[in-house]
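Biologist: I am new to this model and would like a close look at one part of it, the pairing of charged side chains. Please also place that part within the chain.

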Amino acid sequence: IVDSAKRDLSSVVEWGRQRMAEGAWECAVQHFTAALDLKPGLMHALVSRGFCHLTLGDGDKAQKDFAEVIAKDAGFNRNIYVLIALCFKRSGDYRKAIRYLTRCIG
């Protein structure tokens, strides 16, 4: 039997993913933020929320989420390096973008 807090957390994350699939990025951000309120540092929620921020054009917020994932577990998902590199590229910081891309392939 799964406890209610865990079930609620899973539901909130799933609702966020459904909103992403629908292109409802702002709503998805709200769901992932709620999931992070329930369990701070939840990696999947950070990656998904960061992706939503990036899609909405808010590279600073996306970069913050992606950087938190990298700081917690540098090997969690190698694609995170591509996403954070895209944040830096969009802000014009090509050196950092290249540095993160190099970490992805290294």
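Modeller: Helices are DSSP runs of H or I with at least four residues, strands are runs of E with at least two, and both are numbered from the N terminus. This is a predicted model, in which local features need pLDDT of at least 70 and side-chain atom pairs count only at pLDDT 80 or more, while totals for chains, interfaces and linings use all residues. Residues are numbered from 1 along each chain as its sequence is written, and side-chain values use heavy atoms, with hydrogens and water left out.

By that definition the chain has six helices and zero strands, in the order α-α-α-α-α-α from the N terminus. Its radius of gyration, taken over C-alpha atoms, is 14 Å, close to the 13 Å that the globule rule (2.2 Å times the number of residues to the power 0.38) gives for 106 residues, so the chain is as compact as a globular protein of that length. Along the principal axes, its C-alpha atoms fill a box of roughly 50 × 25 × 20 Å. Of the 106 residues, 38% are buried, where buried means under 20% relative accessible area, exposed over 50% and partly exposed in between (1.4 Å probe, protein chains only).

Now the charges. The chain has 16 positive and 12 negative charges, and their mean positions are 7 Å apart; Lys and Arg count as positive, Asp and Glu as negative, and His and the chain ends are not counted. Each charge is placed at NZ of Lys, CZ of Arg, CG of Asp or CD of Glu.

Across the whole structure there are four salt bridges, meaning a side-chain nitrogen of Lys or Arg within 4 Å of a carboxyl oxygen of Asp or Glu. Three of them follow here, starting with Arg19 and Glu22, whose side chains meet at 3.0 Å, N to O. Both residues belong to helix 1 (residues 4-22), where they are three residues apart, about one turn of the helix. Arg19 is buried at 18% relative accessible area, whereas Glu22 is exposed at 54%.

His31 is itself buried, with a relative accessible area of 18%. Gln30, also in helix 2, is exposed at 55%.

Another bridge joins Asp65 to Arg49 at 2.7 Å, N to O. Asp65 sits in helix 4 (residues 59-72) and Arg49 in helix 3 (residues 43-55), so this pair ties together parts that are 16 residues apart in sequence. Both Asp65 and Arg49 are buried.

Helix 4 holds a further pair, Glu68 and Lys72, which lie four residues apart, about one turn of the helix. Their side chains form a salt bridge at 3.9 Å, N to O. Glu68 is partly exposed, at 29% relative accessibility.
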